[in-house]
Amino acid sequence: MLLSTTIGTLMKTCEYTDVINMAKNAGFDALDFSFNVDRKYVSTEFTDDWHKKTFTEFRKIAEDKGLVFNQAHAPYPSSVSEEKRTEEIFNEIVISIKNASYLGAKCIVVHPCQHLKYDEEEVPEKLFEMNMEFYNRLKPYAEEYDVKIAIENMWQNIGKKITHSTCSKPEEFIKYIDTLNSKHFVACLDIGHAELVTEDLYNFIKMLGKDRLKALHVHDVDGINDSHTIPYYGIVRWDKVTKALKEIQYDGDFTYETSYVFTSSRPVALYQSTLNHLAETGKHLINQIKS
């Protein structure tokens, strides 16, 4: 099980090579590249040769330090109310799948469409149909570039209240994965998102099971905001999370999505020590899963 972290937010304030050095020094094994960090990374204004050269170089710099890209994150949201913009986003997601392959990433997280109000009658079924069409359109690209698409459980904020959304319930998440019925579609469980909608994480992980659950977004929350903070700084019961992952014999990686902690009050000078603490915590949690 590789210990990985997203590097998107770090890249907004630090040079890429400095980010790689900090991650290596902290003790990480792998990296998660977010294509939301800069829209140029999915822009059709740049040629495929430019994208290939850019991400092949990113991969080499990381590998020279002994790091790999295990995962990536497509641009989001995946859909909006405007049809023209939604189609543009689709094309950007296709570019991100291709670029993930240049990085050597084995999977890319692609948010489901969720721009409709989930709590309205018949909307969950409408979103299901919309998402089946969406993911099946992406399937040929996942096959061509040999990158698995990891679907993520979401949430919505309606009337200043956090509510369920696409794949936020284990039964619906399972329906999505099983209906797509392809080795190129897997589940990425976002720990914080599940906690925000008050799902039982132990039960959620057990229901998804080893065959569906192949990726994680690891972070903690305060129960009010999608705060993406370090484990044990929020309300998640990490003993239940690690117990469930151990029991299903989870064989994916341990990938942090704690980028928000680097954009609050911390100066750049404290990034290294924060990453050190993050890695130390991750190793502790991995030991609980593997023990």
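This is a predicted model: local features need pLDDT of at least 70, side-chain atom pairs count only at pLDDT 80 or more; totals for chains, interfaces and linings use all residues.

Reader: How many residues apart are Phe 28 and Tyr 256?

Author: Helices (H or I, at least four residues) and strands (E, at least two) are DSSP runs, numbered from the N terminus. Phe 28 is in the loop between helix H2 (16-26) and strand E2 (30-34), whereas Tyr 256 is in strand E10 (residues 254-256). The pair links distant parts of the chain, 228 residues apart.

Reader: Is Tyr 256 buried or exposed?

Author: Buried means under 20% relative accessible area, exposed over 50%, and partly exposed in between (1.4 Å probe, protein chains only). Phe 28 has a relative accessible area of 3% and is therefore buried. Tyr 256 has a relative accessible area of 0%, so this residue is buried.

Reader: Which kind of pair do the rings of Phe 33 and Phe 58 form?

Author: The centres of the rings of Phe 33 and Phe 58 lie 5.9 Å apart, with the planes at 35 degrees, so the pair is tilted.
Phe 33 lies in strand E2 and Phe 58 in helix H3 (residues 48-64), so parts 25 residues apart in sequence are tied together by the pair. Phe 33 is buried at 0% relative accessible area, and Phe 58 is buried at 11%. To return to the kind of pair, the term is tilted.

Reader: Which residues form one aromatic cluster?

Author: Two members have been discussed already, and both are buried: Phe 33 and Phe 58. The cluster consists of Tyr 16, Phe 33, Phe 35, Tyr 41, Phe 55, Phe 58 and Phe 69.

Reader: With which residues is Thr 6 in contact, leaving aside its neighbours within four places in sequence?

Author: Thr 6 lies in strand E1 (residues 3-6) and counts as buried, at 9% relative accessibility. Contact means heavy atoms within 4.5 Å. On that basis Thr 6 is in contact, beyond its neighbours within four places in sequence, with Asp 32, Ser 34, Tyr 256, Glu 257, Thr 258 and Ser 259.

Reader: Which residues does Asp 29 touch, not counting those up to four places away in sequence?

Author: Asp 29 has its place in the loop between H2 and E2 and counts as partly exposed, at 33% relative accessibility. Its C-alpha atom is 9.3 Å from that of Met 1, a residue 28 places away in sequence. Not counting residues up to four places away, Asp 29 touches Met 1, Leu 2, Leu 3, Gly 66, Leu 67 and Val 68.

Reader: What is the relative accessibility of Asp 146, and what does Asp 146 count as?

Author: Asp 146 is found in the loop between helix H5 (123-145) and strand E5 (148-152). His 184 itself counts as buried, at 9% relative accessibility. For Asp 146 the relative accessibility is 60%, so this residue counts as exposed.

Reader: What is the phi of Gln 249?

Author: Most residues other than glycine have a negative phi, and most peptide bonds are trans. Gln 249 lies in the loop between helix H9 (238-247) and E10 and is exposed, with a relative accessible area of 55%. Although Gln 249 is not a glycine, its phi is positive, at about 60 degrees.

Reader: Is the peptide bond from Tyr 76 to Pro 77 cis or trans?

Author: Pro 77 lies in the loop between strand E3 (68-73) and helix H4 (83-103). The peptide bond from Tyr 76 to Pro 77 has omega near 5 degrees and is cis.

Key: Residues are numbered from 1 along each chain as its sequence is written. Side-chain values use heavy atoms; hydrogens and water are left out. Rings of Phe, Tyr and Trp (its six-membered ring) pair if their centres lie within 6.5 Å; planes under 30 degrees apart count as stacked, over 60 as edge-to-face and the rest as tilted.
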